[in-house]
Amino acid sequence: MAVASNSRVFMQGIIGKSPGTGLGNLVSGVCFRTSGVRSGIKLGVRATMQVGLEEVKSSQLPNSVDGNLGFDVVSEGELREKGFLGMRKTKLVCTIGPACCLLEDLENLASSGMNVARLNMCHNTWEWHRDVIRKIKSLNEEKGYCVSVMIDTEGGQIHVVDHGAPFSVKAENESIWLFTTQKFEGSRPFTVQANYEGFSEGITVGDEVVIDGGMASFEVIEKIGNDLRCKCTDPGLLLPRAKLSFWRDGKLVEKNYELPTISTKDWADIEFGISEGVDFIAMSFVKDANAIKQLKSYLSNKSSKSIGVLAKIESLESLQHLEEIIEASDGIMVARGDLGVEIPLEQIPVVQAKITHVCRQLNRPVIVASQLLESMVEYPTPTRAEVADVSEAVRQYADALMLSGESAIGSYGQKALCVLRMASSRMELWSREENRQSALHQQQLGVSLPDRIAEQICNCAVEMADNLGVDAIFVYTKHGQMASLLSRNRPNSPIFAFTDNHSTRMSMNLQWGVTPLLVELSEDREANITKTIDLIKMKGVLEEGDTVLVVSDITPSCATPKAFQSIQVKTIV
């Protein structure tokens, strides 16, 4: 946004009295005012900062409360048990599969801390997915949970189609298998189907076929037309619709199949997701920003609600266009399993750290996924190395951690989720105790003046919150932007984000440290603050002497466009 030449900056310091408290209230701040005329449009922007020991007294609580506070049962229970600073900040994503699709299983995951349920559209039917989505929504509505739903597209990639077995097929050492494009119903012994007729182009005898990044490996011993006859060299499990890759002389065989990022099946799955009201769509095998922009444009025209678009980083090509992909998307998933097929294994830790850092710089949530607790697919306890891996992702301030096979097909999905919850909570506590909060070199994101003001207010708010040691940060937001800017700075205090938009609430389930609450809001900032504080006090989780820092982007409607943002510090009495 252009700033007119007659822009002015005013700095003010005022000593005032807080009505009814008898306490001197220090108010200090900076007020930015710009005025100018462009094409007959007048723009005004104002930002204020109010800091002091303003005491908030509740009126007669039963009479003052109008409406309900959308506090999910898990966050409320955690707050009661551990207090504000004990609340877990890293979000948890669970892949839903045959091992956890019953209503009881889903509720166990929700009660154990699942923030987002992921459905992989590579597997199962629409009817199965629809049933799971509706069970999750019923848990939210009837039991008070707040679990978002994400679907994961298949993407333009070669797969092994369903071989007819219920879960997986074991490939034994030196067993002979046929990889074919022939179409047949059911299953055949030692036979798997590839869904792309040209899958074997350029492949020669002696090449290696790797399943799911190393779950099993085969050597090509004969090529028969488009089919490959292979000998198992590394025994393992073949899951339905597992991913194939080819290696030669220790290097990945790079093949350009010219497959679209969003296939015909993906578009149909996306339409299904829109009709079922999902909250996120994760795009597989993203090559650049174009497919993300295409999908976001499509969703804006087709969906009545806001649906976040996440890009999965799982190929060398996506790494080459990393920043533009992050900027275009609403979030990122680091799919380490597939990524580890295309880059050397020893580079995975550095790449993960880089992606996590860039996402935080550009204010996009990032999910670290794949093989976090892989051993728990079969065993009830993780390896110590796996716990260290989880803790490192938390130390890097990833927004979320994701279970894949551990929850989808494993026998100990709920235990695996509990391990993620305990390990992340402990690492967050240690980081705070050791004062290891990593300062982020602030890269300016906002372009327009109102956006830059909002960004600076959130940066200052978190610095103030940490320096003052406030118990919590309250943000009142329509679309979640200020909540995400606060989260980007990784404050010590938990962030309670109040919104009256259901889509905004569900989208904030991927934001680090943010507890989204659905509550009716007005344009009166002070009324919103009083109302929500009264509601939380009624819950018994906000006590006398607690201090909260308040940020708001609720804009009063008026003829002249105006953005009003503020910082306040309030002590509860």
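First, the basis of what I present. This is a predicted model, in which local features need pLDDT of at least 70 and side-chain atom pairs count only at pLDDT 80 or more, while totals for chains, interfaces and linings use all residues. Residues are numbered from 1 along each chain as its sequence is written, and side-chain values use heavy atoms, with hydrogens and water left out.

On confidence, the protein averages a pLDDT of 83, and 82% of the residues score at least 70; pLDDT is the predictor's confidence in each residue, from 0 to 100. One is residues 1–48, with 90 contacts beyond four places in sequence, a contact meaning heavy atoms within 4.5 Å. The other is residues 559–563, with 12 such contacts.

Turning to the overall picture, the protein has 17 helices and 27 strands. These are DSSP runs, numbered from the N terminus: helices are H or I of at least four residues, and strands are E of at least two. Of the 573 residues, 54% count as buried, that is, under 20% relative accessible area, with exposed meaning over 50% and partly exposed in between (1.4 Å probe, protein chains only). Among contacts between residues at least 6 apart in sequence, 69% join residues at least 24 apart.

Now to the barrel. Eight strands close into it in the order β6-β7-β8-β18-β19-β20-β21-β22, with parallel pairing; two strands pair if DSSP finds at least two bridges between them. From one strand to the next, the twist averages 25 degrees. Helix α13, residues 413–433, packs on the sheet, touching β6 (91–95) and β22 (400–403), and its direction makes about 160 degrees with that of β22. Axes here are lines fitted to C-alpha atoms, for helices over the stretch in contact, and angles run from 0 to 180 degrees between N-to-C directions.

Strand β10 is joined to β14 (residues 227–234) by four bridges, the two running antiparallel, and Phe179 stands opposite Leu228 in β14. Three bridges join β10 to β11 (residues 191–193), in this case parallel; there Thr180 has Gln193 in β11 as its bridge partner.

Because seven of its eight residues are buried, α15 (residues 481–488) is largely enclosed by the rest of the structure. Among those buried residues are Met482, Leu485, Leu486 and Arg488. Just after α15, Arg490 takes a positive phi of about 50 degrees.

In helix α6, residues 289–302, we find Ala291, which is buried at 9% relative accessibility. Leaving aside residues up to four places away in sequence, Ala291 touches Thr261, Ile262 and Met283. Ala291 and Ile262 are 29 residues apart along the chain, and their C-alpha atoms are separated by 7.3 Å.

Finally, the cysteines. The structure holds zero disulfides, a disulfide being a pair of cysteine sulfur atoms within 2.5 Å. Cys122 counts as buried at 6% relative accessibility, and Cys359 counts as buried at 0%.
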